[in-house]
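Please look over the sequence and the structure below before reading on. The text then goes through the pockets and some points of the backbone.

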Amino acid sequence: MDCALVFNAIHGSDEKDPSTIPAPFRFDSDADLSALRIGYDESAPEAFVEALRELGADPSPMPEMPDVRIDSLGAESAAAFDDHVAPGGELPPMPEGLTEAEQRRMNRFRRGRDILAMDYIQSQRRRRILMQRTAEAMEGFDMFVSGSGQVRLTNDTGHPAVVLPYGFGDSNPDDEYAHEQPITTTIVGDLFADDKILAVAHAYQSATDWHTRRPPLG
């Protein structure tokens, strides 16, 4: 519900960003899940999918999602932060005495400046193909549940996603505190289906209390 309230305030076109469009946002806090076309991939947690069935949904298996490597996010991120990384267009030298972790952090947005223009253009061509294949795979679905999250896919296609907890568990046997950590899953929506995936997430959280639980601190 909090996400829906915030999204309702920030969605739509922005005069400072010509890439934004006035897509509608019609969040229904009492949505009929049986009217939504919900899929799930092979990594979707069975317990969560079954809970959606108990709430009236009729989830069905999804076709395999496309897997195309784009490699453009580094350049996009570097461009977004370039004024901070290279003020005035000049990349400052790397400070001496940095640890390996500190060097990785500093190089995160510096490496994007080394990408060739031709490579970036080719990545955008692959991105268009990826978006077309994703649209084909999602035809007939409003959303799908994914345990893996499909983060690399949605980073490149722009499909909305909501992450929510569905239990606590021991996902990492080597971590003595893993059994006290929340386990999450992801609902990936069709383009501009932000209102629908939030409606399903809200319905699930209204029927469960996993989102109210907290792992112990310290």
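A pocket here is an open set of grid points where a 1.4 Å probe fits, with protein on both sides within 12 Å along at least five of seven lines. This model is predicted, and its largest pocket has a volume of about 510 Å³. Its lining consists of 18 residues, and those nearest the centre are Ser19, Thr20, Ile21, Gly158 and Phe192. Two elements, α1 (2-10) and α8, each give two or more residues to this lining. By type, the lining of the largest pocket holds nine nonpolar, six polar and three charged residues.

The second largest pocket takes up about 190 Å³. Among the residues that line it are Met1, Asp2, Cys3, Leu198 and His202. Here α1, β4 (161-169) and α8 each supply two or more residues. Eight residues of this lining are nonpolar, two are polar and one is charged.

Now turn to the backbone. Most residues other than glycine have a negative phi. Phenylalanine 192, however, has a positive phi near 65°. This residue, one of those nearest the centre of the largest pocket, sits in the loop between β5 (181-189) and α8 (194-207).

Is glutamine 150 buried or exposed? Its relative accessibility is 19%, so glutamine 150 counts as buried, the limit being under 20%.

Note on methods
Residues are numbered from 1 along each chain as its sequence is written. This is a predicted model: local features need pLDDT of at least 70, side-chain atom pairs count only at pLDDT 80 or more; totals for chains, interfaces and linings use all residues. Side-chain values use heavy atoms; hydrogens and water are left out. Buried means under 20% relative accessible area, exposed over 50%, partly exposed in between (1.4 Å probe, protein chains only). Helices (H or I, at least four residues) and strands (E, at least two) are DSSP runs, numbered from the N terminus. On a 1 Å grid over the protein atoms alone, a cavity is a set of points where a 1.4 Å probe fits but cannot get out, and a pocket is an open set with protein on both sides within 12 Å along at least five of seven lines; lining residues have an atom within 4 Å of a point. Grid points are joined across faces, edges and corners, and a volume is the space filled by probe spheres set on the points. Ala, Val, Leu, Ile, Met, Phe, Trp, Tyr, Cys and Pro count as nonpolar, Asp, Glu, Lys and Arg as charged, and the others, Gly among them, as polar.
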